[in-house]
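Visitor: I'd like a walk through this chain, with the criteria spelled out as we go. Could you show it to me?

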Amino acid sequence: MKLEIRNLNKSYVKDRLVLQDFNYTFVPGIHGLLGPNGAGKSTLMKIIVQILDKTSGSILFNEKEVDSSFLKHIGYMPQHFCLYDDFTLRENLNYISALKGIMKNEIQEQIIRVSKNVDLYENLDNKLSTFSGGMKQRAMFAQALLGDPDILVLDEPTAGLDPQKRIELRNLIAKVGHQKIVLIATHVVSDIDVIADQILLIKGGHCIKSGSIRSLTDSIYGSVYTKKIERNELEDYEDKYKISNLSYIKDELMIRYIAKESHEGMTVYPDLEEVYLYYCGDAYGKK
Ligand SMILES: Nc1ncnc2c1ncn2[C@@H]1O[C@H](COP(=O)(O)OP(=O)(O)OP(=O)(O)O)[C@@H](O)[C@H]1O
């Protein structure tokens with residue numbers, strides 16, 4: 001199974017491309033789409049799920065150009081809440097099942113399966129208006145799982161969740177995402193650093209770098225340092241380098257920072273946040 005994005009371009013307004021010659025081939029596994037605000041992650045997702053038209057380029061699923069029949073392969077969880085608050089969860093899932101064209105005699109079984117998947121089986125007959133934020137996110141995830149789609153497109157699925165709920169949803173995605181093509185757009189590195197098989201760093205409408213977390217951290221090994229400094233040196237370091245971490249140990253200041261040229265600090269193994277800062281962060285240092 002593969003989903004190919006070829007030379008994809010999108011502009012909302014004339015002459016301003018928000019996706020530029022975007023190329024990537026998704027295969028089964030969890031793909032984390034990381035990038036700054038406005039990078040084009042949601043736009044890419046909306047084009048894949050056919051909410052938006054592309055300006056040019058092509059999308060192929062298993063070698064064939066996609067058309068509207070491709071939608072049955074997709075489960076989409078948008079960035080913003082999109083359920084009916086006055087409906088019960090069962091009514092919501094019934095409605096979405098009908099929209100997805102799921103056979104009538106399969107709907108009840110599907111609703112039971114997905115509600116159990118997201119641990120909301122006991123809440124099926126409660127109105128969404130009584131759900132907490134975390135329950136609503138899980139309800140939206142249940143909606144994406146209806147029809148057991150091959151591809152899950154999740155746009156900031158953990159937005160607004162507390163740390164425990166965030167971890168629970170992340171584990172759930174890892175559990176049900178197995179053998180599917182899963183795309184997760186996020187700004188939160190910890191949402192994907194454990195579960196993603198591949199990371200795509202997206203900036204300015206391009207995929208600027210991709211690979212496994214290990215290959216990405218390896219790619220910047222030698223550029224991340226740690227050092228104990230005096231307080232009055234901090235400003236100078238901030239001017240010259242990207243500080244990825246700063247902590248006080250008693251009165252001493254310990255920093256981790258990214259320096260592209262070799263440096264006197266002690267080299268440390270990078271993490272994904274540092275990969276993000278290295279490739280997607282603002283201009284190198286303040287100067
Ligand atoms: N409906 C629209 N009309 C005009 N411009 C838009 C529209 N939607 C998005 N854009 C612009 O397209 C660019 C990409 O936006 P997009 O929402 O895809 O980015 P993103 O990476 O998902 O950002 P975020 O992380 O903030 O959600 C941005 O410059 C945004 O302002």
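Visitor: How many helices and strands does the secondary structure of the chain come to?
Guide: Nine helices and 14 strands. Helices here are DSSP runs of H or I with at least four residues, strands are runs of E with at least two, and both are numbered from the N terminus. Keep in mind that this is a predicted model: local features need pLDDT of at least 70, side-chain atom pairs count only at pLDDT 80 or more, and totals for chains, interfaces and linings use all residues. Residues are numbered from 1 along each chain as its sequence is written.

Visitor: What does the chain span along its principal axes?
Guide: The C-alpha trace spans about 70 × 45 × 35 Å. Of the 287 residues, 36% count as buried. A residue is buried if 20 or more other C-beta atoms lie within 10 Å of its own, exposed if 12 or fewer, and partly exposed in between, with C-beta atoms placed from the backbone.

Visitor: Why is asparagine 232 called exposed?
Guide: Asparagine 232 has 8 other C-beta atoms within 10 Å, so it counts as exposed. Asparagine 232 sits in the loop between β11 (224-229) and α8 (234-240). Its C-alpha and that of leucine 253, 21 residues apart along the chain, are separated by 9.9 Å.

Visitor: Which residues surround the ligand?
Guide: Tyr12, Val13, Val18, Gly35, Asn37, Gly38, Ala39, Gly40, Lys41, Ser42, Thr43 and His187. The elements giving two or more residues to that shell are β1 (3-13) and α1 (41-48), and α1 has the largest share, three residues. To be near a molecule or strand, a residue needs its C-beta atom, placed from the backbone, within 6 Å of it.

Visitor: What makes up the shell around the ligand by class?
Guide: Four nonpolar, seven polar and one charged residues. Ala, Val, Leu, Ile, Met, Phe, Trp, Tyr, Cys and Pro count as nonpolar, Asp, Glu, Lys and Arg as charged, and the others, Gly among them, as polar.

Visitor: Which strands form the open sheet of four, and in what order?
Guide: The order is β2-β1-β4-β5, with antiparallel pairing. Two strands pair if DSSP finds at least two bridges between them. Five bridges join β1 to β4, and two join β4 (residues 56-61) to β5, so both pairs meet that cut-off of at least two bridges. In β4, leucine 60 is the bridge partner of glutamate 4, and in β5 the partner of leucine 60 is glutamate 65.

Visitor: Why are β2 (16-26) and β5 (64-65) edge strands?
Guide: Each of β2 and β5 pairs on one side only. α1 packs on the sheet, touching β1, β2 and β4, and its direction makes about 65° with that of β2. Contact means C-beta atoms, placed from the backbone, within 7 Å; axes are lines fitted to C-alpha atoms, for helices over the stretch in contact, and angles run from 0 to 180 degrees between N-to-C directions.

Visitor: What happens in the hairpin of β4 and β5?
Guide: Two residues lie between the strands, and asparagine 62 takes a positive phi near 50°. Phenylalanine 61 stands opposite lysine 64 in β5.

Visitor: How do you know that the span of α4 is close to the expected one?
Guide: Helix α4 (residues 133-145) has 13 residues and reaches 19 Å from its first C-alpha to its last, against 18 Å expected at 1.5 Å a residue. That expected span is 1.5 Å times one less than the number of residues. After α4 comes glycine 147, whose phi is positive, near 85°.

Visitor: What makes α4 mostly covered?
Guide: In α4, 10 of its 13 residues are buried, including Met140, Phe141 and Leu145. The buried residues pack against β6 (74-77), α2 (89-99), α3 (104-117), β7 (151-155) and α5 (163-177).

Visitor: How do you know that both faces of β7 are covered?
Guide: Ile151, Val153 and Asp155 on one side and Leu152 and Leu154 on the other are all buried. As for pairing, four bridges join β6 to β7 in parallel, with isoleucine 74 opposite isoleucine 151.

Conventions
Contact = placed C-beta atoms within 7 Å.
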